[in-house]
Amino acid sequence: HLQVTVTLVLLSSMLSLAAAGKLLVVPLDGSHWLSMREVLDRLSQKGHEVVVVAPEINVHIKPTKNFIMKMYPVPFTKEELDHTFWRTSQEVFEEGTFLERFLKTHERMKNVSATLHSTCTHLLHNKELVSYLEESKFDAVFTDPILPCGQIVAEYLSVPSVVFLQQIPCGLDSEATQCPNPPSYIPRIFTDLTDRMSFLQRVKNMLFELSNYFLCDFVFQPYAQLASEFLQRKVTVTSLLSQASIWLLKIDFVLHYP
């Protein structure tokens, strides 16, 4: 509840002080949406107008009386989406060597990223929806930056953005915010290391870092190309994320290095 309270204070500061603000939400489906929805419910109760843009085919993003829902068509079925999410959740808990897990993660991320990229592409290419967003005069965009689509929309509309996340793979959040995150000192997630590492442990930490960059190159590079075409200027995902006005991080002291 403390996290929700802090979130509401920061978000309210982004919206109009004289009257209720108008918030555009570009969420990420799955568990990411479930935690974001709690914040949006509270904002709606405080009188802010919340507009959620989401694909017609999704897992958890359903119409509710608290939000205005703007749905758009996508080229995959509910069965295909459910299978992608189900397979991803199952493979997270599978065991194996580092190479085996790396290759499975590579394939899993390729499938998930293809689905998410398709979702973003069909949002940005929906001229009727984009025209509606332009005419609506939003005060801010609230989004999960793992799907950079919301940040692309915020840049296009020239409105401030608030990002709500646990973490972004490859350390893009640290890079975008210019926050020091050296692999020689800070252990990477899932390595079971601490900040007191031997030389070989530091090598292991660096290998995890390099593998993450390799995995994320094909995940985020298509968004840079899509954003450059849509905004009609060359941009990178890092430069887009660096424009975010507020970063709200959901940090778990058990999972993350403090």
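**Entry 1. Term and count.** I take a cavity to be a set of grid points where a 1.4 Å probe fits but cannot get out. The model I examined is predicted. I looked up how many cavities reach 30 Å³ or more, and the structure holds two.

**Entry 2. The largest cavity.** I recorded a volume of about 100 Å³ for the largest cavity. Its lining consists of 13 residues, and I noted those closest to the centre: Asp-29, Pro-55, Ile-57, Leu-116 and Thr-119. I then asked which helices supply at least two residues each to this lining, and found α3 (78-91) and α4 (98-124). Of the elements, α4 gives the most, with three residues.

Entry 3. For the second largest cavity I noted about 40 Å³. I listed its lining as Val-26, Pro-27, Val-53, Ala-54, Pro-55, Ile-61, Tyr-72, Thr-119, Leu-123 and Leu-147. Two or more of these residues come from each of β2 (49-55) and α4. I looked up which element has the largest share, and it is β2, with three residues. By class, I found nine nonpolar residues and one polar in this lining, with no charged residue.

**Entry 4. Cross-check of the linings.** I compared the residue lists. Pro-55 and Thr-119 are among the residues closest to the centre of the largest cavity, and both also line the second largest cavity.

Conventions: Residues are numbered from 1 along each chain as its sequence is written. This is a predicted model: local features need pLDDT of at least 70, side-chain atom pairs count only at pLDDT 80 or more; totals for chains, interfaces and linings use all residues. Side-chain values use heavy atoms; hydrogens and water are left out. On a 1 Å grid over the protein atoms alone, a cavity is a set of points where a 1.4 Å probe fits but cannot get out, and a pocket is an open set with protein on both sides within 12 Å along at least five of seven lines; lining residues have an atom within 4 Å of a point. Grid points are joined across faces, edges and corners, and a volume is the space filled by probe spheres set on the points. Helices (H or I, at least four residues) and strands (E, at least two) are DSSP runs, numbered from the N terminus. Ala, Val, Leu, Ile, Met, Phe, Trp, Tyr, Cys and Pro count as nonpolar, Asp, Glu, Lys and Arg as charged, and the others, Gly among them, as polar.
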